[in-house]
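Hi,

Here is the model I promised to send over. Have a look at it first, and my notes follow below.

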Amino acid sequence: MIILKNPDQLAKMRSAGHLLHDVLAQVRAFIRPGMTTMDVNAYTDELIRKGGGIPTELGYEGYPASVCASIDDEVVHGIPSPEVRLEEGMILSVDVTLALDGWQADSAFTAPVGKVSEQKEKLIRVTEECFWQGARAALSGNRIGDIGFAVQRHAESNGCNSVRALTGHGIGRHMHEDPAVPNYGEPGHGPRLRPGMTICIEPMITLGKWPVHQLADGWTIVTNDHQPSAHYEHTVAITPQGYPEILTLPGHDWKGAQA
Ligand code: MF3
Ligand code: CO
Ligand code: CO
């Protein structure tokens with residue numbers, strides 16, 4: 001069941017989204033070679049709580065940390081560890097969900113650790129572009145499949161592949177609501193987008209092939225071919241006017257967008 005949000009509820013989700021943006025901007029600037037993924041977790045957790053939020057990944061279905069920190073061939077759900085040290089040349093995906101006043105926001109980015117290969121730089125760029133291609137399609141009256149089609153087409157036309165085993169999702173009072181938002185698909189298929197829908201669009205894109213598997217830790221998802229993978233996610237509302245508002249990107253304005 002898709003839960004539509006009224007303007008008051010959208011305003012609360014906007015506040016949560018803006019807090020998460022503020023947190024992630026600081027986390028991005030904090031990342032450097034030599035620190036561990038547990039350092040990233042601790043810093044993020046502290047920023048969320050200072051902002052009055054609750055890190056809702058912690059304890060979610062038993063997940064043991066406040067962020068997901070996934071390196072190179074790890075697609076998503078990497079568990080932060082004091083044993084995992086960031087080294088120059090790696091790419092790190094950080095995915096965070098928080099709640100503010102009972103409303104969730106969910107966003108992720110992939111950052112280079114120091115200087116990385118041109119291929120990895122391209123992967124990060126294409127993944128962000130895939131998000132924007134998907135977001136541009138998130139108009140009232142379109143369908144969920146229009147988003148996935150746009151993401152997949154952009155990935156494949158740039159020599160990358162879109163991971164299929166995981167999807168974006170609705171979001172609201174709960175981190176995960178209906179509908180599923182796949183990063184592949186056919187135009188004109190799936191649930192219709194309506195004003196008041198709030199969804200996470202989160203392309204997971206790899207330089208290799210799309211099949212993935214889960215590690216024995218029960219969480220970490222890695223590419224089967226061990227090619228690097230990147231992740232980029234925002235929480236998006238379909239506004240009463242019918243256009244997509246990026247709740248986790250304050251100040252974004254489609255008029256100025258060059259997506
Ligand atoms: N933030 C993730 C998402 O994009 C969910 C993380 S799984 C958790 O849907 F276990 F870490 F919470
Ligand atoms: Co997320
Ligand atoms: Co998500």
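Which strands does helix 4 lie across, and at about what angle does it run to strand 8? Helix 4 (residues 144-157) lies across strand 8 and strand 9, at about 40° to strand 8. Contact here means heavy atoms within 4.5 Å, and the angles, from 0 to 180 degrees, are taken between N-to-C directions of axes fitted to C-alpha atoms, for helices over the stretch in contact. Helices (H or I, at least four residues) and strands (E, at least two) are DSSP runs, numbered from the N terminus.

Before you go further: this is a predicted model, where local features need pLDDT of at least 70 and side-chain atom pairs count only at pLDDT 80 or more, while totals for chains, interfaces and linings use all residues. Residues are numbered from 1 along each chain as its sequence is written, chains are lettered from A and ligands numbered from 1 in the order written, and side-chain values use heavy atoms, leaving out hydrogens and water.

Five strands form an open sheet in the order 8-7-9-14-15, with antiparallel pairing (two strands pair if DSSP finds at least two bridges between them). Its edge strands, each pairing on one side only, are strand 8 (177-181) and strand 15 (244-246). On average, neighbouring strands are turned by 25° against each other, direction ignored. Strand 7 (residues 168-170) is joined to strand 9 (residues 198-201) by two bridges, and glycine 170 stands opposite isoleucine 199.

Then the metals. The cobalt ion (ligand 2) is coordinated by Asp95, Asp106 and Glu233 at 2.0 to 2.5 Å. Donors are N, O and S atoms within 2.8 Å of the metal (3.2 Å for Na, K and Ca), and water is not among the atoms, so sites may look incomplete. The cobalt ion (ligand 3) has Asp106, His169, Glu202 and Glu233 at 2.0 to 2.2 Å. The two cobalt ions are 3.2 Å apart, and aspartate 106 coordinates both. Aspartate 106 sits in strand 5 (residues 103-112) and glutamate 233 in the loop between strand 13 (229-231) and strand 14 (234-238), 127 residues apart.

How buried are these ligands to the metals? Aspartate 106 counts as buried because its relative accessibility is 3% (buried is under 20% relative accessible area, exposed over 50%, partly exposed in between, with a 1.4 Å probe and protein chains only). Glutamate 233 is buried at 0%, and histidine 169 and glutamate 202 are buried too.

Cheers
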